[in-house]
Amino acid sequence: MRTSADCVIIGGGVVGTAIAYYLAKRGMTDCVIVEADYLSSGATGRCGGGIRQQWSTEANTRLAIESVRLFAGLEDELDADIEFLQGGYLVLAYTEEDEEQFKKNVELQRGLGLDVQILSPADINEKVVPELNVEGVRMATYCAQDASANPFLTTQAYADAARRLGVSIELFTPVTKILTERGRVAGVETARGTIRAPLVVNAAGSHSVPIAATAGIDLPITPYRREILVTEPLERFFHPMIISFSFGIYFRQVKHGAVIGGYGDPAEPPGFNETSSLKFLRTMSWKLSHLMPRLNNVKVVRQWAGLYDMTPDAQPILGELDELPGFFQANGFSGHGFMICPKVAVLLAQAITGEEPDLDIERLSARRFTDGRITQDRSVV
Amino acid sequence: MRIREHPILEFERGREVEFDFDGRRLCGHEGETIAAALHASGVRVLRKSIRHGRPRGFFCAIGRCSSCLMTVDGVPNVMTCVTPLRRGMKVETQTGKGTLAAEAKGAGSIAGDGSGSDLGTVPLAIVGAGPAGLSAAVYAGRLGVESVVVDENEVPGGQLIKQTHMFFGSLEHYARVRGVDIGTQLCRELEKCPSKLLTGTTVLGLYTDDPPWKTLSLMKNGVRGELRARTVVLATGASENMLAFENCDLPGVYGAGAVQTLMNVYGVAPGERVLMVGAGNIGLIVGYQLLQAAVDVAAVIDAMDEIGGYHVHAAKIRRMGVPILTSHTILSAGGTDRVERATISRVDSDWQPVEGTERTIDVDTICLAVGLTPNCELASMAGCDDEYVPELGGLVSAHDADLETSVPGVFIAGDASGIEEASTAMLEGRLAGLAAVERLEVEVDREKLLAMKEEAASGLSELRAGPFGDRPRLGKERMLALAASRGGDR
């Protein structure tokens, strides 16, 4: 293992590997990724793989549009199959409040050039998903350019491309301490030795909190368990990711044919709990078979859980910390890190190498929690 | 292909029934599996692989490998190796991923909140009705403790139901008894116990998020139920290992356990001429059983430079003219949609094939007896830590001397806790069942409990002291050391 580097990236999820790739692409090839377990072992490998552009704030929508643009070119750029599919996102409204908010969202999204349709329940069945049970659905928004990809393949593709450019990746290497010197970051101490570096990126999801704490830094991130399941593979019978904030569900059919999906339990207590619950399996089975009667007798082959790294405004924490120069954060993604990862990683790489980021990431710096500039996005599952 | 005469077994076949296979009318017997009935009619190709459309038959025949998935009565992805045949079934070769039938909204089996029927609570739940699971229930039962034993097969006994050979060993009443009869004896003893046996019931999941309860989600005939237990013994057995060689996915490449199931349980000959890969005890014993069923065994090969199994087993098949070729491996299988031949070669001291020593044998079946891997999925789901111990067969749930895992009240026994044999599985099951009783803190004769535990533990040491016990003994010692070193987690 190297004992020094230009930059150490903590976390071998999609965010960490993507940042390493974009740094190396900019010429900073002397980077080391340190991962406590294996690639994609954390939130990345446990997520549903959706890539949505329909957000309720301008900043998030722009970030998402840019990310889809990058995702669409990623297979060529990284020379790998990531199962990228623009199957669309169908967002179901069940309440009057949903409906009002969605209309505002669509106006904003269309203003930013996104092709979003408003669909009546009849339209949903006629135009997008014939089999969907639209009972109780008031309307839906649909963006055909919304997408999905395989999080494992995407992470692997970034990691392989980064390696080809000279980045080294150390697996099963948990970070035990952030090293500081004269008020700056100076590297990391790991279970397998110390790596000295003037730049350190903390992209360890919920585990970013205990890692930052070793340098006396308190990140406003709380871990919450989110559960998910996958069924047997079936011939394709619907294309979009189907989600609803008020009904509480997201599900899609992956390339292999399996249906993958979950929901967030609002009563879930915070904590590093990654066990599976029967309650989730029961509720999710009911929700799925309610919306897609064909799935009534589908076999569930696996269920698992991962952690959302929630911030107070459900937005990530990005950029260098004022209190520890050289220590960059790329965490707190609050359940939508995969979908905005490509653009976020580019912006981080720009910030780290001293380029001017081509989208504003200052609004996502940790500073917002102290100077009170928090804007809530309502489109979080 | 049906075995009509057998020196040891008499096949009690169910009544003959007709069923439909890809539009053809075939006959089978009630009580046998769909895969067995098809095999008896000469059908080996059960599905086409999803990606490359390659022909696939079954491999494990015990519901583990998913190689036998077919469409049955319109339902895709049915494990035909464990699904019993019924009259008038419509069985189809599955060529793609499968399509579920469209259903009206609100139809089907899922209740308003998705819950299954409540099966109540029990002090001890046991997963697996093989030698370990049945022993756990019997010994807990002797102390008056109630249990529920769940097994996905219709017939209890686990792998014992296909063991036609007599057991060795010093065990009081099981030495010189055939495996199949041991299973029957254990079931008879179970009948005297306050234990309930749920056969044909799959454990879908094991949840430990409501301590001290462990909740088992069960499925029988498509209906789901939930059982809550204070303690659980996982006696889930093992899966047969595959070997990678060219065309190893051709129908006719079967695990040794699958061959035993087919011929000793259902009375169906796996083929006419077999190449046996693996000269450990399983390879040698199954080789002999094939000969008993009048199936030709072309050769037994093993990459090791010596025979791994008991020499008495080797001598028996050698006397019947079967060559045992050590330092040999299989290079490829040949055939279009089923095995027609196998190419083998000698290997050097680095396990590499020696060029020029290849030879091709005409066989229609290749039987793999190349080891087993413990089934620890349920334990893993319950949150049990695991350890990699090669001597025990790979990843195994960490456990202490009482076979308790890192999750208090969850025990693991038999092949699931490390690959050994049926005799040790029975003793481990006993020990785990008794340790579970101890953990329950119920009113029992404590002196008797400790004496019974001691008896089981010393029986295990005795069996592992033999010349073939080295590997598991080392494995178990390593496991205890590993479990002790992480003891602080408890």
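Select Cys65(B) to begin: its relative accessibility is 32%, so Cys65(B) counts as partly exposed, a class between buried (under 20% relative accessible area) and exposed (over 50%), with a 1.4 Å probe and protein chains only. The model is predicted, so local features need pLDDT of at least 70 and side-chain atom pairs count only at pLDDT 80 or more, while totals for chains, interfaces and linings use all residues. Residues are numbered from 1 along each chain as its sequence is written, chains are lettered from A and ligands numbered from 1 in the order in which they are written, and side-chain values use heavy atoms, with hydrogens and water left out.

Next, display the cysteine sulfur atoms: with a disulfide taken as a pair of them within 2.5 Å, the count over all chains is 0. Cys65(B) is in no disulfide, and the nearest cysteine sulfur, that of Cys60(B), is 3.9 Å away. Cys187(B) is likewise in no disulfide, its nearest cysteine sulfur being that of Cys193(B), 11 Å away; at 14% relative accessibility, Cys187(B) counts as buried.

Buried residues make up 60% of the 381 residues in chain A. Among contacts (heavy atoms within 4.5 Å) in chain A between residues at least 6 apart in sequence, 73% join residues at least 24 apart.
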